[in-house]
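Here is a short briefing on how two parts of one chain meet. Look over the sequence and the model, then read on.

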Amino acid sequence: MEASNKDLISTSGGGEQISLPPLPSEDELLAQIMITVDNVWKTDLSKRDIDKWLSNFTGQAFDLKYERQIALWLLVNFVYYNENEVRHLCRVLYHNFIHQMLQCSLLFQGSDIPDSLEQLENMTRFYHLGRPGESGTFILYYFRQENRLPLTSFISHPLRLPERIKVVAFIDDVTLSGSQASKYLERETRHYDNDKIKVLLTFFSTQESIRLLREDSIEVISCTTLDDRSRCFSGNSSVFYHFPEHLKNAELMALTYGRKLYPSDPLGYKNGQYFFGFFYNTPDNTLPIFWADGPGWTPVIRRYQKIFSGGIENDIGRFL
Amino acid sequence: MTCLSSEGTRRVNVQPKKLYSQTLIQDRYSALPREWGCFLVAGGSDYRAYEVLRKFCEHGSVFKNVLFFDFCERNKDVDETIYRAYNSYMTLNLKVTKIPCSITDASSCIKSLEKYSKEINCSPTAIDISCFTKPFFFLILKYLKEQIRLKCITVFYTEPRSYLFSKGLLRSYHSSYGALTVHEMPGFPGIDTRCTQKILVVLLGFDGELSSFITEEVAPDETIIVNGFPGYSPKFKDISLINNERLLGTSSELLYARADNPFETFNVLGKIRRSYENTFMNIAPLGTKPMALGACMYAICDPSVRVVYPLPERYANVTTEQCWHSWVYMVPLV
Amino acid sequence: MISDDFYKNPFSEYNANVMDSGKILTYWCSPFTQIPYAAFSEDDVYRDPMPIIFMGGRGTGKTMFLKYCSYAVQREKAFREEKTLCTGNLLLSYLQKRGGICFYIRIDGPALRSFTGHGVPQEKWDAIFTHFFELQIAKCYMDVIRDLVQNGAIQDESGKNDFLREAATLLGRAAATPDINAIGEIIEGNLEEVTAFRSKITLMDASFEPVKVFPSQYLSFGLVDIARRTIKEVSANMNIIFMIDEYENFSESQQRIVNSCLKFVKPGITFRLGMRLEGFHTFDTISDNEFIKEGRDYRRIVFEDILIKDNDYEQFLIDVARKRLESVEMFRNKGISDISIILGKKADIEKEAIELMANRTDREKHFDLLKYGAAVSSIEEIKDKIRWPQQPLLEMLNILWVIRGIEPERVGESMKEYLEGEKSEDAKKYRMDYVDKYKLSLMFLLASAHRMNKKYYSFPVFSFLSSGIVGNFIELCRRAFQYAFFENRENLLEQGIIEPELQNKAAVDLANTELQMIPRIPKYGDYLYHFANNLGNIFREYHRDVFIRYPETNQFSIDIASVSDEKLQKAFNAAIEWSIIQKKATAQQSTPGSPRKAIYTLNRIFSPAYQITYRTRGGYSEEFSASDLSELMTRDVGKPKKDLGKRMKIEDKDQRDLPFK
């Protein structure tokens, strides 16, 4: 569907054309992004980078000017976690873990807090979720540093679990659908005795993933449980709370381009519709219009895709 | 929990001694006490004002005494909708004792609470801080600790679904209008003797004008910012930073504490205190109410800390919309 | 990625209150040494026995100046200036050379405001405040004495002990062998009593009953007397100067208490106060019939008066900016340290006009203005005679001349003669009008005709916009650098230039931010917002006058004494205090030939928000009466006094009014 002046007009059920309240102007949005980048993201994203990204939008869904406005509005609402914030999330995650574990009276009956903490440390081992080289391993390093955990708190492989260890905690950044985590954990922990407590520590989870993993006796502890408000085009979306009239248009635009960028999941993996990323990578649950990178599309936020075989030779150049 | 240092100022002990109690209520009202001795609530037209009371009533809970803080500034609004919302607590058919008060004078109101000591002494005691202004609930908690000698209180708080930004722009949030004056929070003047330096800890809120005014007035030697992160909604951590841009340029540190967890704020303040011994610590609780609650808990523990707050000419009638999560905290007052 | 260590906005931190002694010295640029014949020099701070009051708007540098003069910073300066380790003797001789020791005292607004209410009568609070104020001064004094002792500047052991003994007695605590820390403890203990009372009174009725109450001057002068008598290093020819900052935060009753100290200073003890303009709430003292008067009891130095001196102020800003730029490695390494080059030494208005026209679809829209002075049917013909697309501003002047009644042929001829450098009368007049009188006004009008905005850029314009307030200049630069780094960092970091477009964004941003802050000003916020907004709108109307009858009008006069409404008077004073408006140093004629009156301007930082000039031309000033002021402060009524009506389009040449001026 293409619209000329229909960018600012929607049609009501009765066929009358209704003017949409305008989104903030391009200048206003750019000014807001500038301040966000300067004070929060602390990246070197510049207007030139944004202009390059905006040039991706060629009026395939709506009028060019309107598409740019929608794109900038989405970018304004993008949530980027810088290094300091990721470090803080690691601390929050660990504190949440301790808090929940110490509340478990079965484990620490009669002990005071310092004793319980010591016991917990002795009976717990941490590992990353997923393969080495994935984001779980990356965060594990920060997790150890920020919480001043001894190296002995970490295992080199989930199968190599000492007998006395009662709690094994897997760490990851994002567990939204839960399906990947479920598969992985089912595979890696199937040999565990029933008395082992399996925990997934993740920055962000959803009720869906919590429920799914609980069925596999895996307790999910997260910093934040994302709800519908965090999905860009849901009815409860926080992005369009003040501009609900533009939601459908924005979704259509994201789909129009998303289908070309990431045909299987034009709005992010498993229809995520998310709009966040970390300083080290952007999850593929986030809208592809932000991170897709390839011929004909310049990203505004970087995503390092998982490559399952080969790849670097073409990047090195002639000489090695 | 506290000890006297050699300088004679109180310092809060750092060894973790207690597991804090913070629970997301959702549908778990039936798991909470069915009977309340005294429940303190603030009159307000915000839907969150009586959300907890409503939910308790739906679950059949009983309130022996509800102390309703009836703010003159709020109860005579000419707008019909706001007036009706303010008085909607009446539909709950509770035994309510109205305490007339003014938003601008928490101290007079608190002094009048002596008349209601019988009701207040009826345990268990709870307070819903969702619609109290910060100076008010700070002083109430201090009063409950020092005059009633309460050791612990149940605190309820309901998050808003969203904050209102005019034109949708994140920098357009205003919680108040008109002239601002910065005051010491009544009851929390701090102790600045024996201190060579003054630090200001700002718990960031969305309204950047407030922090600018406070920083100018207090003129600290160092400013430390505490941002509510993770926030109620992921983007909120950015909004507070964006709207306090000028403050960021002058601050020496940016720390974080969960926006919905007063105990974490308490811990962060304790950490700051240990890093800045022998300084006159000022706290400006401009962030979320749970963070302010943490600041209140800390300031009650450590009287050397001053709490400063901007009092506006008038508060915006509506700054938030709808309700989201409700929390219950067991707050120690020792 | 550019890391924080490498690039940093050089203007991101400017508030003197958050600068330690080291930073104050690093960033220090004396505002007074720039001006050769200034009525005031740094030495006066230390030597002048008369109390001095430093007044200035927010960001003018009062606090930085007071802190610079304070003992802590001067001590640091002494250490830096001495190549070897600065001994106590050297420190003492440094202070003696200066002529005095300054004790910096600041009691913040929240603390000052706590001395009221809670059911305690105000007289009682005043007594408690006096007691508290005396203790604050005593604390400050003792901190410095302790430091001098620790640095070895005070070596007279027996004198020191005598001092401590007498000080203890003065404080009501006789002690056999007092030490300096013990005296400090006594003072701190007394202060804590006050604080404890302030805390308790909010929860319950309480009484304040200290062991000893200290009335006004008891400790502040008493301790100095004792020190002079007992410690030989504290010589009589070294002034003791108490510097009280932000005096405008003191309430009326609190000011009465301090005014009494000013009135009755003793030899060798004096005061320096820092405050906003119109920061005095009273000139009374605690004695009923005594008050303080400028000239007799104190000297007044207004920072803006000293600073706004054309090139001198600009040089001062360049120096301030240089220090900041050089503190960032990236700029220092590249030698990018002259803000006048970064922003541009001059606004090229002609180039701006050409650029404004460059992308216009209707390039000749401004010629529509001819309808205000010519028959519609003849407009095309007139255009042919006065068209000059190479320079739109010349076209604008031509249009102005035509609608003012000059024959189009003559206008065209005059322009040609001017362009060819001829010396005819018409060419001279044309030159005078274009270059000296109307160029900037024409630019505003051109922009307005095309529904565009004039830009604010270049170093001179930024310095004008800052209105003598250094803080404003720094904030303008901060925003400009922020935009530049985001939108065109290559130009900034490689060429050391910020484009006019980006500077303009910064200026407009700051204008709007400052406007938004006005309603938050204590007590009179709403009044002041209406006032500023109305003034801005009135001046904008003058700038849009197609006949440019009153070019660049941005000032007004009012006889504030004639305003009987006290609230309005106080609101007007608050407008000055907060630098919403600025009073010109000397009275001027509001129009040629009229009597001299006080003239005020709207702070030029707001100019971009209203598209008005950033400089002061003199000439016409709006005159407001008391009732005008009431309207201006309570309603949206921005209408100029002068009739700026546009003449009707007519066909008959004979019926045209001749333009005046």
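A salt bridge is a side-chain nitrogen of Lys or Arg within 4 Å of a carboxyl oxygen of Asp or Glu. Between domain 1 of chain B and domain 2 of chain B, the count is 0 salt bridges. This is a predicted model, where local features need pLDDT of at least 70, side-chain atom pairs count only at pLDDT 80 or more, and totals for chains, interfaces and linings use all residues. Residues are numbered from 1 along each chain as its sequence is written, chains are lettered from A and ligands numbered from 1 in the order in which they are written, and side-chain values use heavy atoms, with hydrogens and water left out.

**The two domains**
- Chain B splits into domain 1 (32–164 + 318–332) and domain 2 (170–315); such bounds come from an automatic or database domain assignment.
- Their centres, taken over C-alpha atoms, are 24 Å apart.

**The interface**
- In contact (heavy atoms within 4.5 Å) are 26 residues of domain 1 and 28 residues of domain 2 of chain B.
- The two domains bury about 2,500 Å² between them, 76% of it on carbon and sulfur atoms. Buried area is the accessible area (1.4 Å probe) that two parts lose on being put together, summed over both.
- On the domain 1 side, Lys134(B), Phe138(B) and Tyr163(B) lose the most area, together 30% of what that side buries.
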